[in-house]
Amino acid sequence: MARQNPNIVITGTPGVGKTTHAEQLAQATGFNHISINQIVKDEGFHEGRDEETGSWIVDEDRLLDYLEALPLHSAGGYILDWHACDVFPERWIDLVIVLRCDSTLLYDRLTARGYKDKKLEENMDSEIMQVLLDEARESYKEEIVVELRSESNEDVEGNLERIERWVEQWRRDKGEGGA
Ligand code: ADP
């Protein structure tokens, strides 16, 4: 079944700018922005919080059932925004954006958000060790995984232009508007 629009994952360590990018991209393209964190919370797809880090312990089966019921894999046009990307089946996904950020900047963003102790440490380590980039490369074909910097507003603008051009090209390649 051919999708009319691509599905895009926006991933990266908490604080790198996923929400910022996903919201603006959704506005520019008319795609549906799915904040997985929000859905996990709103729909209760979790088994409570991890005592030490305060993060949700996600029930991935229920989350995937929910996503499966959306016209995500048939019509496409979804932006999936989450720090983990290896749960989404490969066949759903056309592009994986991994946002990256300098560690000093990330430290400031996470402390501003009230992260401390183990949660702060774990996320800083994750960014420095490029855990999510490696995870994306292991889970999807290398040619659909794109690493982009998210340190300034100019970065956001440039990244959005780049992704929008990619979406146009994807549509052309699918022969949209063609014979
Ligand atoms: P995430 O969804 O990855 O946790 P957010 O989009 O919520 O990240 O961004 C975290 C904070 O960092 C927000 O205050 C946001 O405004 C800021 N931020 C993120 N990316 C950038 C950027 N490229 N330039 C300037 N500020 C940014």
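1. Helices here are DSSP runs of H or I with at least four residues, numbered from the N terminus. On that numbering, α1 gives the most to the shell around the ligand, with three residues. The model is a predicted one.

2. Which residues come nearest to the ligand? They are G15, K18, T19, T20 and R113, out of 15 residues around the ligand. By class, that shell holds three nonpolar, eight polar and four charged residues.

3. The side chain of T20 places an N or O atom 2.6 Å from an oxygen atom of the ligand. G15 uses its backbone: an N or O atom there lies 2.8 Å from a ligand oxygen. At E151, a polar backbone atom is 3.5 Å from a nitrogen atom of the ligand. Taken alone, the ligand exposes 560 Å², and the protein buries 72% of that.

4. Where does the ligand sit? The space it takes is the largest pocket. Two elements give two or more residues to the shell around the ligand: α1 (18–29) and α7 (153–173).

5. The largest pocket contains about 1,100 Å³ of space. Its lining counts 42 residues, and P14, N37, H83, R113 and Y115 are the closest to the pocket centre. R113 is also among the residues that come nearest to the ligand.

6. Several elements build the pocket lining. α1, α2 (36–43), β4 (56–58), α5 (117–128), α6 (131–139) and α7 each supply at least two residues. Sorted by class, the lining has 11 nonpolar, 18 polar and 13 charged residues.

Terms used. Residues numbered from 1 in each chain as written. Predicted model: local features only at pLDDT ≥ 70, side-chain atom pairs only at ≥ 80, totals over all residues. Heavy atoms only, no water. Near = heavy atom within 4 Å. Polar contact = N/O pair within 3.5 Å; in protein donor to acceptor, adjacent residues only side chain to side chain. Areas by Shrake-Rupley, 256 points an atom, 1.4 Å probe, with all protein chains shown as cover. 1 Å grid on protein atoms, 1.4 Å probe; cavity = no way out; pocket = protein on both sides within 12 Å on 5 of 7 lines; lining within 4 Å. Sits in = over half its atoms within 2 Å of the grid points. Nonpolar A, V, L, I, M, F, W, Y, C, P; charged D, E, K, R; others polar. Points joined across faces, edges and corners; volume = space filled by probe spheres on them.
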